[in-house]
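Biologist: Could you walk me through how to read a model like this, one feature at a time?

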Amino acid sequence: MLSPVTDTDGAPFWEYAARGELRVQACGDCGEPRFPPRPCCPHCQSFASEWRPVSGRGRVWSYVVPHPPLLPGYAEQAPYNVVVVELEEAPRIRLVGNVVARAGAPLDSVDPARLRIGARVQAVFADGLPQWVLA
């Protein structure tokens with residue numbers, strides 16, 4: 001499996017995820033949430049920021065089933081899904097991940113035929129990585 005590459009701006013996201021918390025960066029001045037994390041607010045250009053907890057509820061905004069898997073380490077798990085999830089309380093925030101049957105389940109644990117645009121999902125965590133389950 002791939003491990004996340006962290007940088008100074010994104011490190012808190014992964015630290016919270018390792019504790020089973022989904023948080024997004026927000027501007028400390030105008031309050032606008034932003035993802036991916038970055039040093040400057042794209043709305044007001046402030047450098048102030050904070051990390052806000054979110055519910056982890058969202059909906060599938062888009063998805064794909066890679067054919068063939070592009071990375072050799074994933075070939076044995078095919079077919080699997082890759083989803084873009086729009087967060088319920090911050091619709092402009094979209095996170096990439098996989099829909100699985102339960103936290104820590106293999107990437108192929110949900111039949112891709114069960115996925116639909118707009119399907120409700122909930123974040124779960126396994127080994128510090130956010131995943132999604134159908135709600």
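Biologist: Where is Asp127 found?

Modeller: Asp127 is found in the loop between strand 7 (120–126) and strand 8. A strand here is a DSSP run of E with at least two residues, a helix is a run of H or I with at least four, and both are numbered from the N terminus. Keep in mind that this is a predicted model, where local features need pLDDT of at least 70, side-chain atom pairs count only at pLDDT 80 or more, and totals for chains, interfaces and linings use all residues. Residues are numbered from 1 along each chain as its sequence is written, and side-chain values use heavy atoms, leaving out hydrogens and water.

Biologist: And what is phi of Asp127 near?

Modeller: Start with the general idea: most residues other than glycine have a negative phi, and most peptide bonds are trans. Asp127 has a positive phi, near 55°. Gln45 is another non-glycine with a positive phi, about 65°, and it sits in the loop between strand 2 and strand 3.

Biologist: Is Asp127 buried or exposed?

Modeller: Asp127 is exposed, because its relative accessible area is 82% and the cut-off for exposed is over 50% (buried is under 20%, partly exposed in between, with a 1.4 Å probe and protein chains only). Gln45, at 49%, counts as partly exposed.

Biologist: Which peptide bonds are cis?

Modeller: Look at omega. The bond joining Phe35 and Pro36 is cis, with omega about 5°, and Pro36 has its place in the loop between strand 2 and strand 3. Ala78 to Pro79 is cis too, with omega near -5°; Pro79 is in the loop between strand 4 and strand 5.

Biologist: On to sheets. What order do the strands of the open sheet have?

Modeller: For two strands to pair, DSSP has to find at least two bridges between them. The open sheet has 3 strands in the order 2-1-3, paired antiparallel. Strand 2 (33–34) and strand 3 (49–53) are the edges, each pairing on one side only. Strand 1 (residues 23–27) is joined to strand 3 by 5 bridges, and Arg23 has Pro53 as its bridge partner there.

Biologist: How many bridges are there between strand 4 and strand 5?

Modeller: Strand 4 and strand 5 pair over 6 bridges in the antiparallel sense, with Val64 opposite Val82. Strand 5 also pairs antiparallel with strand 6, over 5 bridges, and there Leu87 stands opposite Ala90. Those two strands make a hairpin with 2 residues between them.

Biologist: Now side chains. How many aromatic pairs does the count come to?

Modeller: Rings of Phe, Tyr and Trp (its six-membered ring) pair if their centres lie within 6.5 Å; planes under 30 degrees apart are stacked, over 60 edge-to-face, and the rest tilted. The count comes to 4 aromatic pairs. One of them is Tyr16 with Trp51, tilted, at 6.4 Å centre to centre with 40° between the planes. That pair links distant parts of the chain, since Tyr16 is in helix 1 and Trp51 in strand 3, 35 residues apart. Tyr16 is buried at 19% relative accessible area, and Trp51 counts as buried at 16%. Tyr74 and Tyr80 give another tilted pair, at 5.8 Å and 45°, and both residues are buried. Phe13, Trp14 and Phe35 form one aromatic cluster.

Biologist: With which side chains does Glu86 make polar contacts?

Modeller: A polar contact is a pair of N or O atoms within 3.5 Å; within protein, one must be able to donate a hydrogen and the other to accept it, and sequence neighbours count only if both atoms are side-chain atoms. Glu86 lies in strand 5 and counts as buried at 12% relative accessibility. The side chain of Glu86 contacts that of Arg59 at 2.7 Å and that of Arg94 at 3.5 Å.

Biologist: What lies 2.9 Å from a polar atom of the side chain of Gln77?

Modeller: The backbone nitrogen of Leu107 does. Gln77 belongs to the loop between strand 4 (57–64) and strand 5 (82–87) and counts as buried at 12% relative accessibility. Gln77 and Leu107 are 30 residues apart in sequence, yet 6.3 Å apart in space, C-alpha to C-alpha.
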